[in-house]
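Biologist: Could you walk me through this one, starting with the overall fold and then going on to the aromatic rings?

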Amino acid sequence: LELTDTAKQCAWLGSFQTELGYKLTGPTAICADNQGAMNAAKNPLVSRHTKHIEIRRHYIRKFLQDGHAYIYYVNTKDMIADTLTKALPFAQHDKHRKDLGLT
């Protein structure tokens, strides 16, 4: 699950910020465009289709329950980070570039 990797990075960055003397003021917002992964992270039920990811799913679920982060849905076409991670059509890339404030 990419959400688990994101949660691990949030935990590390939070710890690093604390070591630098900054106080965390609240949970981290995590944007996701995969509703299936979001449901798996929030839903404690295990099915035969998700058994192989149970350990990773448990990590993100506990991270969310402990109040370290929250997940909210962002439509794929509005996922600004995609311009940094994948090839996009020029119009979408250009829109995301402008949204990021890059000229």
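Predicted model: local features only at pLDDT ≥ 70, side-chain atom pairs only at ≥ 80, totals over all residues.

Biologist: Fine. How many helices and strands does the protein chain have?

Modeller: The protein chain has five helices and two strands, in the order α-β-α-α-β-α-α along the sequence; these are DSSP runs numbered from the N terminus, helices being H or I with at least four residues and strands E with at least two.

Biologist: And what share of the residues is buried?

Modeller: Of the 103 residues, 25% count as buried, where buried means under 20% relative accessible area, exposed over 50% and partly exposed in between, with a 1.4 Å probe and protein chains only.

Biologist: On to the rings: how many aromatic pairs are there?

Modeller: The structure holds three aromatic pairs, a pair being rings of Phe, Tyr and Trp (its six-membered ring) with centres within 6.5 Å, called stacked with planes under 30 degrees apart, edge-to-face over 60 and tilted for the rest. One of them is the stacked pair of Trp12 and Phe16, at 5.2 Å centre to centre with 10° between the planes, and both residues lie in helix α1, four residues apart, about one turn of the helix.

Biologist: Is Trp12 buried or exposed?

Modeller: Trp12 counts as exposed because its relative accessibility is 52%, whereas Phe16 is partly exposed at 38%. Another pair, Tyr59 and Phe63, has ring centres 6.1 Å apart and planes at 15°, so this pair is stacked too, and both residues lie in helix α3 (residues 54–65).

Biologist: Which residues make the nonpolar surface patch?

Modeller: Trp12, Leu13, Phe16, Leu20 and Tyr22 make this patch of about 570 Å², and Leu20 is found in the loop between α1 (2–19) and β1 (28–32).

Biologist: Last topic: what does Asp82 touch, leaving out residues up to four places away in sequence?

Modeller: Asp82 touches Asp33, Thr76 and Leu88, contact meaning heavy atoms within 4.5 Å. Asp82 lies in helix α4 (residues 82–85) and is buried, with a relative accessible area of 7%.

Note on methods. Residues numbered from 1 in each chain as written. Heavy atoms only, no water. Patch = residues over 30% accessible without salt bridge, like charges linked within 9 Å, V, L, I, M, F, W, Y side chains within 5 Å. Areas by Shrake-Rupley, 256 points an atom, 1.4 Å probe, with all protein chains shown as cover. Salt bridge = Lys/Arg side-chain N within 4 Å of Asp/Glu carboxyl O.
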